[in-house]
Every structure is written in C-alpha cells, then in structure tokens.
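The sequence and the structure come first.

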Amino acid sequence: MSCKLPVVLFTASCLSASVIAAPADTLLIRNGYLMPMTENGGDRPATDILIRNNQIVQIGQNIVAPNAKIIDASGKYVLPGFVDAHNHLWVTTMRGQFRNKQGKFFPVSNKLASAMQPDDVWQAMYSGSLELLQSGVTTTGDFFDNIRGPEWGDAGFKALKQSGIRGIMYYGGPDKTTKNKIDLEHLAQLNKQSTGRIQLGLGWRIPRDLSSQQNWAMRDKEYKFAIEQKMPIQVHVSGDARAMFDALIDRHYLSPALTVVHASDALPQQLDALQDAGGGLVLTPVSEQRVGYGLTLLNHFNNVKRLGLGIDGNALSGSGNMFETLRTAALTESGEAKDETLPDPHKLLELATRRSAESIGLGSLTGSLETGKRSDIQIINPNTLNMGGYGGGDPAALIVYSAQPENVETVIVDGRVIKDEGKLLGVNMEQLLKATNASARKILERSAVQ
Ligand SMILES: [Zn+2]
C-alpha cells in the first residue's frame, strides 16, 4: 500500500484503493463457537464457516479448503456483524457538545450542521463508520439529513463506500426542519452509482405542521419518487409522535418500503396498523432516553415483526457501541418490569443482528450466519478481564452484559477483512484522530462567527 494517510481529505485520489483490503477469494473461520442468529437455530460449538466470493458457502465441522486463508476462532464467539438500523453519522464530530441544559441536542446540532463543509461531512461519516466497524457493526442505516448541496451528498456517499461498511444511505434534506425539499435529481444520480454494498434510500420527513397541505404535497412527491425507484424510506416519528403516526396511517403511507424511527410511545393500534402494512420500526434506546423521549421499552413492541435497533448518532449516543445499546435496552426493560430475568439475552442479540437487518429490508443479505448470505461477521475474543471469570453458562448473557468493542477481534464485511487481530486494517489511527479532531474544531470555529 503506497498511500498511507487515507484520512485527511475525501478528495484525495489515493483513498478508494487503500482503505480496505481486497476480498480474499476463500476464507475459512475455523473452530469457533458459532452463534448464527437464524430464526430458529441454536448455537453451534466448534464449527467452521467457509466464505467464497464474499458469500457464506458452507457451515460445518472440519471443513477442508486447501487454499483458504484461515482465521482460527478457537475459544472465540463467531456472530453476524451487528446491524445499526438508524444513525446520523455526520454528527460524529460533535462529541461533547450535547450537555443537557447547557447545550441541547437539536439547537446545538442544527447550528453546527450549518457550519459543516463537504470535507467535514466526509470526515465525520468516514470516522463514524470506522468506529462502528471496529465495534462489530457491519451494516448501518444512515439517515443523512445535512445535505446542503450535491457536494455534501457526494462526500457522505464516498465516506460510506470508502470505510468498507455495508449500508443504506437515506438521502435527506439540508437540515432537520421540514420546510426544504430533498434534491431528488441528485438522489437519482447517486442511486446509479450504488455499489450493492451501499444502497440509496430516502431520508423522509413529514410536515412539522401536519395541517400544511402545501408541505404534504411536496412530501408526497418525494415518497412516490422513492417508491417508483424501489428505494427504502425512513421517517422520524418523534416529538408529537402519536399525531405523526396517525397522519402516516390516515394518508396510507405505511408500507413495506417504510421504516418508522423512534415512535417509542406509539399506541398498540398504531403498531398493529404498521404490522398490517408490513412496515418496519427502529428503536434507538440510548439516544431516545438521552433526549428525553421517555423510556424505550422493547416489550411494548412484541407484535412488531420487523423491529430493529439503532445508534442514532455516535456522538448523541456517546459512542457507536451496540453492546451499550443492548445493555441500555435490557436494563430499561428489567428495571421497569421489576423482573431481572427480562429480556432474553439471546433474543436481544437476534434483535441487533437478523431482526435489525429485516427492519430495513436487508434481511436476505445479512444479519445471520447461513449459507447464501453475504459474509458480514464479527469474532469476539473473551480473553480479557471484563469477560473473564466465565466457566460456562449462557454465552449470550456473557456478551450482552460484559462485552466491549475491544473484544471484537475480527470484522469481515462482504468477504473483506476490515479488522484483524483487534486492529482496523489500512487505517493510521493517529492520523485519523488528528484529522477528525481538526474538523470538529473547524466546525466550532466557523459556527462561532456565524
Ligand atoms: Zn434519527
């Protein structure tokens, strides 16, 4: 690799070739404790996975594959990569800015967003994606609602592609208000460059003033455009959430293409309507509780089949850490129910993998370890103090309550090894942090003089 600093400018010509390793033709993950997260399948100790042409082609014991690159997973846990079904990665460079009474999320992030140039968007989304990858997240549903012009959109799309993550970039408007149009022409152009690993979707919003016919006409055009283009759609339902949910129902927008985000206080009949329409729903427990939407109680959503979990801004949630999201969800449920046996840790891991993939329409590609699926895999090494002291018991409980991103030793996305022996490949971490912090400082400086 001749180009060693792939982190400063998204326009740098060396980036695309140097960030991620080429996919190995054949990979054999040997002798791991497999937790496939299939719908009815259990765990499989001492099992191998064979990956060829980026797909899982065989799962079993003592697989023979003479020319394969071997990854020894003895004594380790092999799981599908986590699926973060909703994020805003452009917020990554606002860490430490949301300080409750001193700096509430919405006004602060709106102000800083307007000071971001395309390079800043690239830096935040590239760095944020790598943070997810190193934490075992292999897919993100990124709701990009700071597209202030085509260059901003291009920068975000490039950042996601270059990081090596899988995902959907939900193309949004220039800010979080609902007064501006989404640039559908540019979205259609980007969609033509969709790589398969990064797909395009619509980051849709419905009118803040639900009685505004003019705004509904604009939103309706956007929705129909996405349906015609066969794109997935995400929409926030928060704030006056119940009225917003009713508006989606009354106007017949619920559909298999639509994933509703938040709606943590949705009424049972609203969730039934979503279920009947085949739509998805994503909860983001850490951010929802941080911004005061109330408690995110998973057991209120038992009837929603396509349910997923998201991080909703690495900086807003503190970090891009799905283990923390799982623990927050678990502790909120057991605390509220006064029942320490809730929820089932294995079901939580299924929620963060297979079910999250299904919630955003990627269930046929990723989210579980089975033949025919793309090879999006994390290997968790428990040989650290925070996972030590385990002599047998429930591996799912061990992972949900004790694992940290540092335990994710290997990450594979679409056949590419992204993290190996605990390190992101092709990333100069010192340079990455330097460039990411410099961008964060520039955004603050620019916003101070606005
Ligand atoms: Zn969001």
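The model is predicted, and every value given here was computed from its atoms. In this model the zinc ion is coordinated by His86, His88 and His236, each through NE2, and by Asp312 through OD, at 2.1 to 2.5 Å. The angles among the four donor atoms run from 87 to 169°, and the site is irregular; tetrahedral geometry would require all angles to lie between 85 and 135 degrees. Along the chain the donors follow the spacing H-x1-H-x147-H-x75-D. Because His88 sits in the loop between strand E6 and helix H2 while His236 belongs to strand E10, the pair ties together parts that are 148 residues apart in sequence. Both His88 and His236 are buried.

| Helix | Residues |
|---|---|
| H4 | 150–163 |
| H10 | 322–337 |
| H12 | 395–402 |

Helix H4 has 14 residues, which at 1.5 Å a residue should span 20 Å, and the 20 Å between its end C-alpha atoms agrees with this. Among the buried residues of H4 are Trp152, Phe157, Leu160 and Gln162. Just after H4, Gly164 takes a positive phi of about 95°.

The axes of H10 and H12 come within 7 Å and cross at roughly 100°, and the two helices are therefore roughly perpendicular to each other. Where they meet, H10 contributes Phe323, Leu326, Arg327, Ala330 and Leu331, and H12 contributes Ile399, Val400, Tyr401 and Ser402.

How values were computed. Residues numbered from 1 in each chain as written. Predicted model: local features only at pLDDT ≥ 70, side-chain atom pairs only at ≥ 80, totals over all residues. Heavy atoms only, no water. Helix = DSSP H or I, 4+ residues; strand = E, 2+ residues; numbered from the N terminus. Expected span 1.5 Å × (residues − 1). Buried < 20%, exposed > 50% of the residue type's maximum accessible area, 1.4 Å probe, protein only. Donors = N, O, S within 2.8 Å, 3.2 Å for Na, K, Ca; no water. Tetrahedral: all angles 85-135°; square planar, octahedral: opposite > 155°, others 65-115°. Axes fitted to C-alpha atoms, helices over the stretch in contact; angles between N-to-C directions. Parallel < 35°, antiparallel > 145°, perpendicular 65-115°, else oblique. Contact = heavy atoms within 4.5 Å.
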